[in-house]
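Please open the model in your viewer and keep the sequence panel at hand.

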Amino acid sequence: MLMTGKQYIESLKKLNTRVYMFGEKIENWVDHPMIRPSINCVAVTYDLAQDPQYADLMTAKSNLTGKTINRFGHLHQSTDDLRKKVKMQRLCGQKTASCFQRCVGMDAFNAVFSTTFEVDKKYGSTYHENFKKFLKMVQEEDLVVDGAMTDPKGDRGVGPSGQKDPDLFVHVVEKRKDGIVVRGAKCHQTGSINSHWHLIMPTQAMRPEDKDYAVSFACPSDADGIYMIYGRQSCDTRKLEEDADVDLGNKQFGGQEALVVFDDVFIPNEYVFLNGESDYAGMLVERFAGYHRQSYGGCKVGVGDVIIGAAALAADYNGANKASHIKDKLIEMTHLNETLYCCGIACSAEGYPTESGNYQIDLLLANVCKQNVTRFPYEIVRLAEDIAGGLMVTMPSEKDFKSKTKVGKNGETIGEVCNKYFAASPVCTTEERMRVLRFLENICLGSSAVGYRTESMHGAGSPQAQRIMISRQGNINAKKELAKEIAGIK
């Protein structure tokens with residue numbers, strides 16, 4: 001049941017996934033230098049599950065089959081499961097310093113499982129059984145599933161049914177006896193190209209007039225009518241440079257996002273989990289968002305651990321590690337990082353069972369967690385840039401450090417000049433110093449900044465989305481009553 005990382009990569013090569021980049025179709029997208037680092041990240045989630053020392057975090061016993069499965073395909077059965085999820089995500093972040101792309105699917109599984117149970121209870125539908133059969137297949141085959149929620153949205157001032165172009169939200173365009181036909185697109189889809197299947201959810205609460213947009217379903221990545229347009233990342237074409245290594249910062253791992261287009265895709269009834277029940281779209285969105293906001297208390301913390309380590313190395317290599325202000329900045333980075341982790345663990349520990357039996361996190365604390373994630377990573381990388389120094393973004397290229405071209409009066413080469421003038425503490429070589437600075441550049445400003453900075457701001461909902469939920473769940477009136485009682489106000 002449990003695939004290895006190598007088996008996972010081989011399984012992708014068997015798919016007929018249609019990927020486009022820079023205006024052209026990419027035939028061998030699995031080995032493309034801009035895409036492969038993100039595939040390597042996902043492979044780590046498979047290999048860690050094979051390692052006995054991480055088995056308790058990376059695997060779980062399925063409540064559907066009773067078999068051992070990868071935790072990324074698990075339905076949470078206790079608060080202990082919720083805590084282990086966060087710890088697993090921190091571990092994966094530590095091993096990749098990047099987005100490992102399976103959290104969205106895991107969070108979608110748990111949200112769709114509990115929501116379909118309640119939809120069936122009200123309407124007598126069979127969505128819950130459909131979903132259970134689908135998830136059993138995912139668990140048995142150890143598949144990666146992209147959880148897809150974000151629609152293009154078009155004019156934010158009007159809802160789905162009010163758009164001039166109806167395709168700006170995924171919607172049902174035809175209903176058949178054996179299934180539905182859907183059209184539209186999902187944006188910013190993390191790991192979509194690397195996934196075997198997609199699990200589609202509505203992007204917001206819906207009104208009755210939006211019922212065609214209140215749809216949830218699953219489909220293979222290479223289904224007829226699906227294609228993906230790869231998203232640009234800062235400094236991404238460095239990966240295309242010949243023999244690129246040091247300049248990449250993080251050569252082995254990276255993230256990935258894409259626009260996933262559904263061009264009249266047929267979905268059989270067995271893979272439909274919501275179809276017109278607009279009153280449950282908001283519940284599904286809220287539950288998924290809660291799980292995914294919890295996730296950020298794990299994955300971003302693991303990446304933060306690596307950033308803190310890199311900043312400390314940069315201080316060592318610069319010969320500034322004994323300066324009191326450097327020590328204080330590292331302490332502050334650690335404080336911020338562990339605060340995020342505390343929030344992730346807290347919302348997990350306060351979790352509770354849903355009607356369907358799987359466990360939901362505490363939504364208020366999950367939103368507090370994500371609100372902090374919209375801020376603290378930015379401060380962590382600001383301090384990392386402060387410690388690293390300006391050379392992080394102004395140093396010559398790797399080719400300059402290796403160049404044999406003579407430039408000096410005494411016959412020095414460009415490489416010799418660079419290695420001479422960019423040397424620092426004797427505890428490291430010039431190349432080692434360059435490597436850690438390029439890593440920090442990559443995570444602070446380069447392609448990995450997509451996953452650590454901007455995703456921290458906008459992933460799982462932008463800051464205002466959490467503030468709205470905190471306002472709803474903060475129970476201000478109850479707090480007023482506490483104050484009135486102690487103050488003696490009748």
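How many bridges join strand β10 (residues 226-230) to β11? Select both strands: they run antiparallel, and 5 bridges join them. Before going further, note that this is a predicted model, in which local features need pLDDT of at least 70 and side-chain atom pairs count only at pLDDT 80 or more, while totals for chains, interfaces and linings use all residues. Residues are numbered from 1 along each chain as its sequence is written, and side-chain values use heavy atoms, with hydrogens and water left out.

**Stop 1**

Helices (H or I, at least four residues) and strands (E, at least two) are DSSP runs, numbered from the N terminus. Two strands pair if DSSP finds at least two bridges between them. Strands of a sheet pair through backbone hydrogen bonds, either parallel or antiparallel.

Now display the whole sheet. Its 6 strands form an open sheet in the order β2-β1-β10-β11-β7-β6, with mixed pairing. At the edges lie β2 (24-26) and β6 (171-176), each of which pairs on one side only. From one strand to the next, the twist averages 20 degrees; angles here run from 0 to 180 degrees between N-to-C directions, and axes are lines fitted to C-alpha atoms, for helices over the stretch in contact.

Remain in strand β11 and select aspartate 264. Aspartate 264 has a positive phi of about 55 degrees, although it is not a glycine. With a relative accessible area of 36%, aspartate 264 is partly exposed; buried means under 20% relative accessible area, exposed over 50%, and partly exposed in between (1.4 Å probe, protein chains only).

**Stop 2: the four-stranded sheet**

Move to the open sheet whose 4 strands follow the order β5-β8-β9-β12, again with mixed pairing. Its edge strands are β5 (145-148) and β12 (272-275), each pairing on one side only. Select β5 together with strand β8 (residues 197-200): they pair in the parallel sense over 4 bridges. Aspartate 146 stands opposite histidine 198 in β8. Helix α6 (residues 127-141) packs on this sheet, touching β5, β8, β9 (215-220) and β12, and its direction makes about 145 degrees with that of β12.

In the loop between β5 and β6, select lysine 153. This residue, which is not a glycine, has a positive phi of about 75 degrees. Is lysine 153 buried or exposed? Its relative accessible area is 18%, so lysine 153 is buried.

**Stop 3: a buried histidine**

Select histidine 76, in the loop between β4 (68-70) and α4 (79-96). Histidine 76 counts as buried because its relative accessibility is 1%. Leaving aside neighbours within four places in sequence, histidine 76 has contacts (heavy atoms within 4.5 Å) that include Asp81, Met106, Tyr291 and Tyr359.

**Stop 4: helices α7 and α14**

Two packed helices are described by the angle between their axes and the distance between the axes. Display helix α7 (residues 281-318) and helix α14 (residues 430-444), whose axes come within 9 Å and cross at roughly 140 degrees. Among the residues that meet are Val303, Ile307 and Leu313 in α7, and Val436, Phe439 and Leu440 in α14.

**Stop 5**

Continue in helix α7 and select lysine 300. Lysine 300 counts as buried because its relative accessibility is 3%. Which side chain does lysine 300 join through a polar contact of 2.5 Å? The partner is glutamate 455; a polar contact is a pair of N or O atoms within 3.5 Å, where, within protein, one must be able to donate a hydrogen and the other to accept it, and residues adjacent in sequence count only if both atoms are side-chain atoms.

Not counting residues up to four places away in sequence, lysine 300 also touches residues including Asn337, Val373 and Tyr452. Then select helix α15 (residues 449-458), whose buried residues are Ala449, Gly451, Tyr452, Glu455 and Ser456. Their cover includes α7, α9 (363-373), α10 (376-388) and α14. End the tour just after α15, at alanine 460, which takes a positive phi of about 60 degrees.
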